[in-house]
Structure formats: structure tokens, C-alpha cells
Amino acid sequence: MEKKNSGGKPGTATFAAGCFWGVESVFMKARGVKETSAGYTGGGFEKPTYEDVCSDETGHAEAVQIKFNPKEVSYEKLLAVFFNNHNPTTMNRQGPDVGTRYRSAIFYHDEEQKKAAKKFIEKLEKEKRFSKPIVTQIMKAQEFFKAEKCHQKYYRKKGIEPTCHI
């Protein structure tokens, strides 16, 4: 008799927190994350390229889509990784990177993720974790356009440590 997959259905999460190279690098190291892809989402332009998104006219954010095992890591723990590794209080900016493509955003895939994101932000605000208000957008996940191959696993391919995230 064939054994059934006991791993369960993988979860999907999508986050934007500045330059996708650093965001992907952080999530690649997170326990329970099985796959990461750098890409573009949240805009109104069909099949954008890196150059299109850099124009800041497509509305897309540089984002990372994550496939994770919910039995190994909760969505809330992924939210913690997200908020621990960027500044969610700066509008359209992370460090020296400026523009709408560098905004802080959570792209939820279902109502549970939406509720969890709102609750997590409320908790951070109540704890006064940041000295300024959190400006992270919470948006329904839209089509995710995978970035060009040269942008995937960028830091791993270059053999360097990420330098664009706190």
C-alpha cells in the first residue's frame, strides 16, 4: 500500500519589505520554509520586468513568495521574521532604497492570513515596538510575477551576506 503524504498542503505567503534580494535571503533561512521566489506583485502591469518595476510606474512591489510547511512554521512566525527584518514605519523606503517598489506590504492569500496580519500589527503597535506608526500595507494577493533568473537566490549565488536589511 502506498504511503500518503503526511506533510500536508504547503502554505503560501507573500511579503514585500524592500529589496527582494535581502528579503529572500532572510526567509530562505527560516525553519519550515521550503521554497522562495523573488518577484513582483501588487501592481497593474502585465508581466513586468525588473526595468519596468524600477521605473516606479507599474505599481508593483519587489516581493518574495514563500512556500512553507504549516506543520513546521506558523504564519505568525513568518510575520515575526518579516517585521524583525525591515523597517515597517517608512513609507516606500528601506534604507537607501526609495520608491513604491520598496514598500512594506503583506499580500494575504486568505482571510486567516489577513486577520493574522492585522492582529500582529495591532500587537506591535500596542507594545510600542517601533517609535513611529507601522505603515505596512495589507493587501489581497494578486498575480505574482517571478523575477528574472539573475535575481533568484541572489546573495547565495554571489556568496555574500545580505547588506540591505536590518
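Modeller: The element that gives the most to the lining of the largest pocket is α4, with 3 residues. Helices (H or I, at least four residues) and strands (E, at least two) are DSSP runs, numbered from the N terminus. This is a predicted model, in which local features need pLDDT of at least 70 and side-chain atom pairs pLDDT 80 or more, while totals for chains, interfaces and linings use all residues. Residues are numbered from 1 along each chain, and side-chain values use heavy atoms, without hydrogens and water.

Colleague: Which residues lie nearest the centre of the largest pocket?

Modeller: Rolling a probe the size of a water molecule over the atoms shows where empty space is left. A pocket is an open set of points on a 1 Å grid over the protein atoms alone, where a 1.4 Å probe fits, with protein on both sides within 12 Å along at least five of seven lines; lining residues have an atom within 4 Å of a point. Here 13 residues line the largest pocket, and Phe 68, Tyr 75, Asp 110, Glu 112 and Gln 113 lie nearest its centre.

Colleague: Is Thr 14 buried or exposed?

Modeller: Buried means under 20% relative accessible area, exposed over 50%, partly exposed in between (1.4 Å probe, protein chains only). Thr 14 has 2% relative accessibility and so counts as buried; its place is in strand β1.

Colleague: With which side chains does Thr 14 make polar contacts?

Modeller: A polar contact is a pair of N or O atoms within 3.5 Å; within protein, one must be able to donate a hydrogen and the other to accept it, and residues adjacent in sequence count only if both atoms are side-chain atoms. The side chain of Thr 14 makes one with the side chain of Gln 65 at 3.0 Å, and another with that of His 109 at 2.8 Å.
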